[in-house]
Amino acid sequence: MTRKTAGPLRRAVRLRSTKIALVILGAVAVLGFLGGTLAPSDPLAQDTSNLLAGPSGAHWLGTDYLGRDVLSRLMDATGRSVVGAVEAVTVAFLLGVPAGLGSVVFGRVFEWVAQRLVDAVMTLPYIIFAIAVTGIIGNGRDQAMLAIGVLLAPLFFRVTRAAALAFTRAQYVEVAELLGASRGWIIRTHIWSKVLPTVAVTTAQLSAAALLAVSSLSFLGIGVKPPAPTWGGMLSSDLGFLAQQPWAPAIPALAIMLTAGSLNAIADAIRDTTGIAVDPIGRGATRPDAVPALPGAPAVAVPEQEERIHA
Amino acid sequence: MTTLEISPAVEPAGAAAEPPAGRRAGWGRAFARPLRSALSVGIPVVLLSTFITYAMGALTDTNPAAQVLGETATPADIDRMNHYFGLDRPLLVQYFSWLGHALTGDLGRSYFTTLPVTDSITQALPVNVSIAVLSVLLAVLVGGGLGIGAALSSGGWFDRAVTMLCSAVATVPPFVVGIGLIVLFSVTVPILPSGGYVPFTEDPGQWLRFAILPSIALSVDAAAGLARQLRTSLVGELRANYITGADVRGLTRRRVVFGHALRNAAGPALTLLGYSIPQLIGAMVVAEAAFNLPGLGKLGLDAASKGDIPVIQGVLVTMIGLVVVCNLLVNAALLRLTPHAKRQER
């Protein structure tokens, strides 16, 4: 890790898989901001003479059970689906990364409390917790995403902590400590830049995970206001008309898969070109010292677990 | 279970002194430590999450009684209902009274139906448990098989195909896999029902017809993770010196792979399986909606849409309990099955 990360990052961008992924994510971002205005027709307008129609010149992807244009709904849904994921990952980042860095630097009490909280939160199944939270404080996107963000935070915590731990024992950090540098200064100058690629990979992976969680929740009707389209909500309404349109769920499903797949591809590219071991599974490199063992697991030499989690 | 015997060369001294009747005692001991740590994680998480949900309920200005009784309720009606459910007491008193009852198996009553929450949960729970068991079995069989196959053909086409399949699967939420399965096996080739449920105790054959599609959908993720992890660790183990030693001693390839390498490689894979079980249980909530199953997820979802807090609490506690029990079982199995962990235990 002595070389600068700019080189490997540029190499990551040069990979073909990264280019394709960036194009897809760019399109998703554009649709996210402008989807509703770019859409060829009103995503809520009902064309009652054209219910459950197949693809045609007027409706490129056909119409749904109320005669609404599927392409327009898909485009309009992009923003709503993606913003939720971004919210959840932001919450998780803000909770997990500082705590992960802090657990390495701020002594044993902080570390112990943070570890116990992480063990506890890891046990909660995401979706049911999000359902419970929205059932109590109201069924809105912000509430649902807060819940998902809290439950994703431990993954940020673990990864950041493991990455930072490796560098706190470095000699240049010891030297800085001996020279009287403050903990905050050491984190900013020495540790953060080394932890950054790991955090970037985790952010990409957890964004994919959050997108899947958001889609699952909107499939259940959580965190959305009904007439407004979401990818998960489109899947849910397609489910009722499989006999007429068995191919219909493939459209929103493909949107979810392409977005999540692009995020994962970028995570893989950064990891492979920077040589960091966030996810050595299936790629050989193992670091038995950074074992995030199951709560209460016996000490088996386990390679770091893959932080790619489904809801 | 014949592969459980360990060659004396591997077993540390002193183990031979153990009475041969120690298999049962072995499981007991295998449970003791994971039980302690499962409780040390499980108890705080139950306390924390239930208190959070209680506090959230109290901090929001929604009044359950007013919501339940509707617009025609008089203030006296609301007071009466608040008193009936103990909502007129301070938050901490309410919480600890709920907790005390929960410890005896009484999770309170629904605000809306006034049915005991415990009864609704015991009705729904078998759906989740039976389907979870089936999907974990499927995950172990399919994931284990693919992982072992990939490791043995390391670098070959089968290996690459498995790796690609596992990456592709990571981008599909289980309920989307479920919808795909419904399209394939209920619409295109209508051989299986698209939704519904028959209890296992009523008719195991019918149960399997209803349970197989959701179980496959839920197992896909865990199977992919398992295959990938098992492949990596098995490839690593097969390069180890003791494998060369076993080969030199003239043991058959099958004995070497299944009797030695696999037992050491299984540890990380089992740990990963332990991680994927909470996700599997969480994903089942969504699969229940896709397959129209009368499980805990449907119970919780219906309760959440009405703000029926006792039912939400009960479902949450039951789910956490399920996760803690699964982790306990996986950890006990880990200690029991993997030689490495056993050595560390002594």
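Visitor: In what order do the elements of chain A run from the N terminus on?

Guide: Starting at the N terminus, chain A runs α-α-α-α-α-α-α-α-α-α, and its secondary structure comes to ten helices and zero strands. Helices are DSSP runs of H or I with at least four residues, strands are runs of E with at least two, and both are numbered from the N terminus. This is a predicted model, in which local features need pLDDT of at least 70 and side-chain atom pairs count only at pLDDT 80 or more, while totals for chains, interfaces and linings use all residues. Residues are numbered from 1 along each chain as its sequence is written, chains are lettered from A and ligands numbered from 1 in the order in which they are written, and side-chain values use heavy atoms, with hydrogens and water left out.

Visitor: Which elements of chain A have the lowest and the highest mean pLDDT?

Guide: The lowest mean pLDDT, 70, belongs to helix α1 (residues 6-14) of chain A, and the highest, 88, to helix α3 (residues 70-105) of chain A. The pLDDT is the predictor's confidence in each residue, from 0 to 100. Chain A averages 78, with 85% of the residues scoring at least 70.

Visitor: Where does the pLDDT of chain A stay under 50?

Guide: One such stretch is residues 1-5 of chain A, which has nine contacts (heavy atoms within 4.5 Å) beyond four places in sequence. Another is residues 279-311 of chain A, with pLDDT below 50 and 110 contacts in the model beyond near neighbours in sequence. Where pLDDT is low, the predicted coordinates should not be read in detail.

Visitor: What makes up the nonpolar surface patch of about 570 Å²?

Guide: The patch is made by A:Val109, A:Trp112, A:Val113, A:Leu117, B:Leu48 and B:Ile52. Helix α4 (107-122) of chain A and helix α1 (22-59) of chain B each give two or more residues, and α4(A) gives the most, with four residues. A patch takes residues with over 30% relative accessible area and no salt bridge; like charges are joined within 9 Å, and nonpolar side chains (Val, Leu, Ile, Met, Phe, Trp, Tyr) within 5 Å. A salt bridge is a side-chain nitrogen of Lys or Arg within 4 Å of a carboxyl oxygen of Asp or Glu.

Visitor: Why is B:Leu48 called partly exposed?

Guide: Buried means under 20% relative accessible area, exposed means over 50%, and partly exposed lies in between (1.4 Å probe, protein chains only). B:Leu48, in helix α1 of chain B, has a relative accessible area of 36% and is therefore partly exposed.

Visitor: How exposed is B:Arg254?

Guide: B:Arg254, in helix α10 of chain B, has 66% relative accessibility and so counts as exposed. Its C-alpha atom is separated by 26 Å from that of B:Leu165, 89 residues apart along the chain.

Note on methods. Accessible areas come from the Shrake-Rupley method with a 1.4 Å probe; for residues, only the protein chains shown count as cover.
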